[in-house]
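This report describes selected features of a protein chain.

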Amino acid sequence: MREDVNEKCAVVGIFNHEEASKLAYFSLHAMQHRGQEAAGISSGNGKRLYTIKDRGLVKKVFSERKLETLHGHMAIGHTRYSTAGDDSILDAQPVHANYDLGQLSIVHNGNLTNAKEVRDALIDKGAIFQSSMDTENLIHLIAKSDQRKLKDRIIDAVKKIEGAYSLIFLSRTKMFAMRDRFGFRPLSLGRVGEGYIVASETCAFDLVGAEYIREVEPGELLIFEKDKGLQSIKVYEPTPKHCIFEYVYFARPDSEIFGQNVYAKRKNMGVELAREQPVDADMIIPVPDGGVPAAIGYAQESGIAYEMGIMRNHYIGRTFIEPTQEMRDLKVKMKLSPITELIKGKRLVVIDDSIVRGTTSRRIIRMLKEAGAAEVHMRISSPPTSDPCFYGVDTPNKDKLIAANMSVEEICKYIEADSLAFLSSDALMRSVNSKGSEYCTACFTGEYII
Ligand code: AMP
């Protein structure tokens, strides 16, 4: 797994539950895979909002004592991934402000494509920014709107922004959830006790015992208000363009996103890959953890044995002692190590979900060959990642994307594999039961929606 690129964030909102901040905490814990740089929660008891946020993992940022200070029946939370050099506490969420209507906290998953223009225009008019986050634009837009009600100010503000957003807002008395009209990033609605939960992934629902209701519709604004129940406003006609990479890599396999289970879709990708790109081999092994469901699908379809030929150390996190250049083998082995006994002399099919820069595959293949593998055939359960994402996945620039600069044959040579093949776009679409055009595939096709 790469450490230098990642999906920016997970969001959660809990409304009308006496343990709101604790449920938000556990939900963030379930969605920790979507961001490990910082975490935060704002809660509200109808009188005021309370916020705690810091750098680090959810379990490091919060303690039981701290959670007890996050009073109230409503809470919103966030886990953040930030790119290098940008991990200041000011860039942790929720973004919180006091303005003419009172207190407001916002959490955001996604990426605004016109953030710079909006920010420059706001600065021209005297706005002062405290962070480098897109999300701060929204606070300013809401504060400046001349509408009287917060609901109308939110609508006003989202009409000025473009791009990918799954947003949750908390005011003194209400919670709001809003998803962009394309539904790029996932956002689901559930019931928890007498209240509601909104979260990026339903693995959060399972942990807190919530019941899935439906997705928040693309373009929909949900308003949660005590004694008024749930209100829905269609701000935009939905034109779904869900991020296909959520199914390929990001979301947790036990989550239901865009209305379908992630594990099942990933396994389908493996089945399709076995049909399209068969290999005469002794053993199918996944690159853990991302490649596991597709490898199971590939093994079942091909009839070749599935084995865990590579072990992953789950405790690695960040190391303070960086291996030197001479020790670079150590770097990959700290995270992934081969079961030599198992793979020695064997012809392996190694399944991973994607190749981005190519460095991971290259290291793994070297490691397997050193451990005595007779052949290593790399099979990737998605098409070549040829274009960067501008809608919330922090991929490297095009010049660093190996598939943008090399043919499949050249990549195969570079990663030192005996053969290399990717899943075709058509097969990927079949794997996710696509009806036609409801997915954003820009990272594989360069066809950008905005
Ligand atoms: P590389 O080709 O070395 O850049 O990395 C590919 C590996 O990173 C694969 O094992 C993927 O599972 C994983 N991966 C793909 N996209 C991302 C991403 N955006 N963030 C973190 N890891 C990723």
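In this predicted model, helix 9 (residues 262-276) packs with helix 10 (residues 292-302) at an angle of about 45°, and their axes are 6 Å apart. The crossing in which helix 9 passes helix 10 is right-handed.

The contact draws on residues of both helices. Helix 9 contributes Tyr263, Arg266, Lys267, Gly270, Val271, Leu273, Ala274 and Arg275. Their counterparts in helix 10 are Pro293, Ala294, Ile296, Gly297, Tyr298, Gln300, Glu301 and Ser302. Sorted by class, the contact of helix 9 with helix 10 comprises eight nonpolar, four polar and four charged residues.

With regard to the overall division of the protein chain, domain 1 covers 6-240 and domain 2 covers 263-433. A distance of 34 Å separates the C-alpha centres of domain 1 and domain 2.

The backbone also contains cis peptide bonds. One of them runs from Gln93 to Pro94, with omega near 5°. Pro94 is located in the loop between strand 4 (74-80) and strand 5 (95-99). Another cis peptide bond joins Pro288 to Asp289, with omega near -5°. Here Asp289 belongs to the loop that lies between strand 17 (283-286) and helix 10, the helix that packs with helix 9.

Positive phi values occur at Glu416 and at Asn433, neither of which is a glycine. Glu416 has phi near 65° and is placed in the loop between helix 15 (408-415) and strand 22 (419-422). Because its relative accessibility is 32%, Glu416 counts as partly exposed. For Asn433, phi is about 55°, and the residue sits in the loop between helix 16 (425-431) and strand 23 (439-440). Asn433 likewise counts as partly exposed, because its relative accessibility is 43%.

The table below lists the backbone angles discussed above.

| Site | Backbone angle |
|---|---|
| Gln93 to Pro94, cis peptide bond | omega near 5° |
| Pro288 to Asp289, cis peptide bond | omega near -5° |
| Glu416, positive phi | phi near 65° |
| Asn433, positive phi | phi about 55° |

How values were computed:
Residues are numbered from 1 along each chain as its sequence is written. This is a predicted model: local features need pLDDT of at least 70, side-chain atom pairs count only at pLDDT 80 or more; totals for chains, interfaces and linings use all residues. Side-chain values use heavy atoms; hydrogens and water are left out. Axes are lines fitted to C-alpha atoms, for helices over the stretch in contact, and angles run from 0 to 180 degrees between N-to-C directions. Helices (H or I, at least four residues) and strands (E, at least two) are DSSP runs, numbered from the N terminus. A crossing is left-handed if the near helix is turned anticlockwise from the far one by less than a right angle, and right-handed if clockwise. Contact means heavy atoms within 4.5 Å. Ala, Val, Leu, Ile, Met, Phe, Trp, Tyr, Cys and Pro count as nonpolar, Asp, Glu, Lys and Arg as charged, and the others, Gly among them, as polar. Domain bounds come from an automatic or database domain assignment. Buried means under 20% relative accessible area, exposed over 50%, partly exposed in between (1.4 Å probe, protein chains only).
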